[in-house]
Amino acid sequence: MRRGPFHAYAADLAAWVAISSIAALGFVTWRAGGVVQRRLVADGGAALAATDDAQLASAEGTAHVEMAELDSSVDAAPPTQRRTYNVVIITVDTLRADLGFSGYPRPVSPNIDALAARSIVYEQAYAMASFTPKCLGPLLIGRYSSETYRDYAHYTNFAPANVFLGERVQEAGGRTAGAASHRYFGWRKGFDQGLDVWDTSAIPPNSVDNDPTITSAKLTDVAIGLLSSERAADVPVRDGKPFVTEPRSGTASGHFLTWFHYLDPHLPYVPHADAPSFASMREPGIPRERAPYDGEVWFTDQEVGRLLRHIGEQPWAKETAIILTADHGEAFGEKGHWGHGRELWEPLVHVPLLVYVPGAPPRRIKAKRSHIDIVPTVLELMGLPPDPELHGKSLLADLEAAPGEVEERDVYIDMPDGPYNELRRAVLTGPSPGIKLIEFNGNRYELYDLRFDPNETKNIAWSDPTQLEAAKEALKRMRSSLKERPAVK
Ligand SMILES: [Zn+2]
């Protein structure tokens, strides 16, 4: 019997709580081999005995138990045959990191919160810049902005010499599709590279810059249309038929990659009549100017939720990983700054990052991470070999690390200058949350110790010259490892 989407979602969460220990082991097995399989049986039995019968009798509970069993059968295969996934990447423009699941007191993100409850949540994830093209291009290429082949335009044109994630997946035999709703993405500036279908029909006709049209509902319709096939191997779908008909071979054949970019939280903030009255909510520390933005986030969350429910109802849902993040954040008066695109303050570059892998237990990761890790993560999820040329590392290693043993790494943020922004670089070093050095225009520095000063109120560049020199060295080291190239003017 087909269940209603809300019931499916709520029950799914309840089932997760009930048998998360089984699912957890199920996930570990695809890497660890037969020894863990025996643990799966033993621990699974204990969990079953300890779990409420009514919950396990539900269809959802059964589905998850079957999933765990499926995982254990995968375990019997040679260790080299790892479980692989379809991947859906969802990016939301201008989505701040403070959402419901990360402690924001207003109910702006119930659907994303529900995904977070099933996902690996990165509590300190960073964009690679604070301006859309300089964030999304690098995210999908897997390189820092300065390394990409690009022009100097405000709306950066990424040259064919860049290798986008879609190209890697296509080459390995996977199907690919994407959709976005800002007019920039309709100008074929490189984002369609490697995508079988690049759907820009959600862009409003005669769209202007900072278009006030609401586009998330249309984007979800487009995404659902592309993902409407019983067989993952037939995605993307157009007019009810697989868009790609010729057979493809390779490690990713039978899998798909999709990327959907939502826009509505970006300025201008358009009111939504059915949104909660955020303007009437009074919480300390939240400026009143944020209420209309919260309404846009709430509306976008509803549409992201509709897409997530559709995915959850598909036969291939159990083989589909979901990565949700923002291109960058937004400032509401922090450091006297509003909007985004020019600076690298925390509200602008600290972004939400959720990685949902079917069968993996939900987890919170405190170690700082970066969008530079997205491409290597997708490669591993889809069974593609790692590319040693890339700077990022697959996030899947974090899923298996013991608590307290998650690797600490530096985070580099790289925003070259453009027609409307000056050059900014930043590096975060040391144990998370770390020390943050910001370089302004290549000749001025500010230093913040995020452990004691998460809001970057006290620049310690002058008072702590030792830390400053160490951070500048880290920045220098990072840059020397890059193949920087100038933008074509
Ligand atoms: Zn943006």
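Figure 1. Of the 489 residues in the chain, 47% are buried (20 or more other C-beta atoms within 10 Å of the residue's own, with C-beta atoms placed from the backbone). The model is predicted, with local features requiring pLDDT of at least 70 and side-chain atom pairs pLDDT 80 or more, whereas totals for chains, interfaces and linings use all residues. Residues are numbered from 1 along each chain as its sequence is written. The chain holds 13 helices and 17 strands, taken as DSSP runs (H or I, at least four residues; E, at least two) numbered from the N terminus.

**Figure 2. The largest nonpolar core.** This core comprises 110 residues; a nonpolar core is a set of buried Ala, Val, Leu, Ile, Met, Phe, Trp, Tyr and Cys residues joined through C-beta atoms within 7 Å. Helix α9 (residues 291-312) supplies its largest share, seven residues. Because domain 2 (86-400) and domain 3 (411-480) both contribute residues, the core lies between them; the domain bounds come from an automatic or database assignment. Val87 is among the residues with the most contacts inside the core.

**Figure 3. Strand β16 and its two partners.** Five of the six residues of β16 (residues 435-440) are buried. Strand β15 (residues 424-429) runs antiparallel to β16 and is joined to it by six bridges (pairing requires at least two DSSP bridges). Thr429 stands opposite Ile435, and Gly430 in this hairpin adopts a positive phi near 80°. Six bridges also join β16 to antiparallel β17 (residues 444-449), where Tyr445 faces Glu439 as its opposite residue. Three residues separate β16 and β17, and Asn441 in the turn has a positive phi of about 60°.

Technical notes
A residue is buried if 20 or more other C-beta atoms lie within 10 Å of its own, exposed if 12 or fewer, and partly exposed in between; C-beta atoms are placed from the backbone.
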